[in-house]
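Morning, everyone. I have one structure to walk through today. Please look at the screen.

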Amino acid sequence: NLFLKCIKFFYPRLKRATLLRMINFRILVCTIALLLIQPQLCRTPVELGFRLATSTIMRGLSENQTAEKVPLDGIDPNEEMEEIHRYCLLVESDEHNQFVLEQELRTLGITDQIRHFPSLSVTCATMTLEQADQLLNGHQYSSVISLATYNREIEMTESVPKTTGTSCGDKLSECDSHPNFWWMDRLNQLSATLDNNESPNLTSTNPIHMFVLDSGIDSSLTSLSKSHNFSAHQGSPCNKNPLCDTYGHGTHVAGIIQTYNPNIILHSIKIFNDNGKGSSEDLLAGYDAISRTIPLLNNERAIINASFSSRRNSFHNLAVQSLINKGVLSVVSAGNDNDDACKKSPSSVTETVTVGATGQKCDNTGTFRDTIANFSNYGKCVDIYAPGVNMWSNGQNGQLVRKSGTSMATPVVAAVASVVLAENYQWTPSKVKQWLIDMSLKGVVDGVWENNRLIGDVLSCQEAIKRQEKDQDSTKFTQQI
């Protein structure tokens, strides 16, 4: 009856509006009326999800925040949601509030698998959507809870390119017959034409710690001797062991980093299980483990490699931001959706180094050209591009395997960043990021219209500086003439 009254009331006032605007406006106003006047009618997961999301936005606005700072984390009013699921709550950073929240959970009958991540001020538990709504809105301690998220699956950013090379005889085609590291060849020069020089240019031995958030790292890699490792999973022996990687993704990523910088200290933060599956909660556990490890490094510098992606989620973004604020550079993949990277997490965090993927092709003159990979995300949130097609690296038991994806491009940039940071040990994450951007090769990637920057290693960047200075001197000389 209330819904019909809403329609009768608003219909005369909307006669001149378009049909679409009429429908959207009626639904919005009537739903709000139902939620505020007769909330007992709203007990389906979809309606409760809308109520939870709406109240979160209104709370944010009442605190003079913008709606963008209070995003809807996995609460979609059009989505079918399970009645009972894992939810995570962001709590004001205070030990007392953490204690209060646990008492509140138990008051509501929520006792199953309560899990705290103190360094992130996050608590996760199994509950119904209605209970999550009550925690956020209906109890005396609701003020300490600022956000709730529906625990979702995250995905690795590995892909299969549609093409592996051309008939021009480039190294991508040769990858079909034998392993090579064309990406290292591409890094150490300004031209896209490869010269068979696959040697990295390293000049510093200062210790750099690389936290690889992934499916684990095979113990055969040599850079694990001093590492602090963690697994977010239970179950099989390999699931619990961060130095076991039956899926192979994390080992491949870590191998790319170690190949470029053999001096790196790898840390395996296992957030994906034996089947390559992981969730928001697993990711939060991984970030919490890194945050607790940072003080144990005795002021030695650290970088995070995040070769995965999820739908944009403020919990993921806040976790990454908290580590950046502690001086940890975060290099993340843009994602493999051939879409805007700003729609994803953690690539939508401004302070991360977000990486898109490139391959190589030959044009009709037989000249090598860099080109964006057909799967790579793009846009203003992508800071830099790097080779990510047909990348040979470590597999299980010391074997070499080939993979493609922004997952593979990300460790290339992370490895270069590790050398830059080792040479400039006091630089902040923002300074390292700006250096990578400033010293990248501009405008060389076909198919990129925004932030067209290709990573180079230390030597090629130094050559780029010299070339830039030479061009500036030449311009000044011409102007003088």
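When I say contact, I mean heavy atoms within 4.5 Å. Keep that in mind for the next residue. And note that this is a predicted model.

Let's start with Ala192. Ala192 sits in the loop between α7 (182-187) and β6 (208-214). Set aside its neighbours within four places in sequence, and which residues is Ala192 in contact with? They are Arg186, Gln360, Phe368, Arg369 and Asp370. Take Asp370 from that list. Ala192 and Asp370 are 178 residues apart in sequence, yet 6.3 Å apart in space, C-alpha to C-alpha. Is Ala192 buried or exposed? Its relative accessibility is 12%, under the 20% cut-off, so Ala192 counts as buried.

Now step back to the whole chain. We have 14 helices and 21 strands. The chain has 481 residues, and 55% of them count as buried. Look at contacts between residues at least 6 apart in sequence: 74% of those join residues at least 24 apart.

Next, helix packing. Find helix α9, residues 249-260, and helix α12, residues 406-423. Their axes come within 8 Å and cross at roughly 35°. The crossing of α9 and α12 is right-handed. Which residues meet there? From α9, we have His249, His252, Val253, Ile256, Ile257 and Tyr260. From α12, we have Ser407, Met408, Pro411, Val412, Ala415, Val416 and Val419.

On to the aromatics. How many aromatic pairs does the count come to? One. The rings are those of Phe272 and Phe308, with centres 6.2 Å apart. Their planes are at 65°, and over 60 counts as edge-to-face, so that is what we call this pair. Where do the two residues sit? Phe272 is in the loop between β8 (265-270) and β9 (278-279). Phe308 is in strand β11, residues 308-311. They are 36 residues apart, and the pair links distant parts of the chain. Phe272 is buried, at 0% relative accessible area. Phe308 counts as buried too, at 1% relative accessibility.

There is also a charge over a ring. The charged end of Lys431 sits over the ring of Trp427, 5.1 Å from the ring centre.

Last topic: backbone geometry. Most residues other than glycine have a negative phi, and most peptide bonds are trans. Here are some exceptions.

Start with Ser121. Ser121 is not a glycine, but its phi is positive, about 60°. Look for Ser121 in the loop between β2 (115-117) and β3 (122-128). Ser121 is buried, with a relative accessible area of 9%.

Then Asn298. Asn298 is not a glycine either, and its phi is positive, about 55°. Asn298 lies in the loop between α10 (280-293) and β10 (301-306). Buried or exposed, this Asn298? Its relative accessibility is 64%, above the 50% cut-off, so Asn298 counts as exposed.

Finally, the peptide bond. Which residues does the cis peptide bond join? Ser345 and Pro346, with omega about 5°. Pro346 is in the loop between β13 (344-345) and β14 (353-362).

That's my tour. Over to you.

Note on methods: Residues numbered from 1 in each chain as written. Predicted model: local features only at pLDDT ≥ 70, side-chain atom pairs only at ≥ 80, totals over all residues. Heavy atoms only, no water. Phe/Tyr/Trp six-rings, centres within 6.5 Å; stacked < 30°, edge-to-face > 60°. Helix = DSSP H or I, 4+ residues; strand = E, 2+ residues; numbered from the N terminus. Buried < 20%, exposed > 50% of the residue type's maximum accessible area, 1.4 Å probe, protein only. Lys NZ or Arg CZ within 6 Å of the ring centre and 35° of its normal. Axes fitted to C-alpha atoms, helices over the stretch in contact; angles between N-to-C directions. Left-handed = near helix turned anticlockwise from the far one by under 90°.
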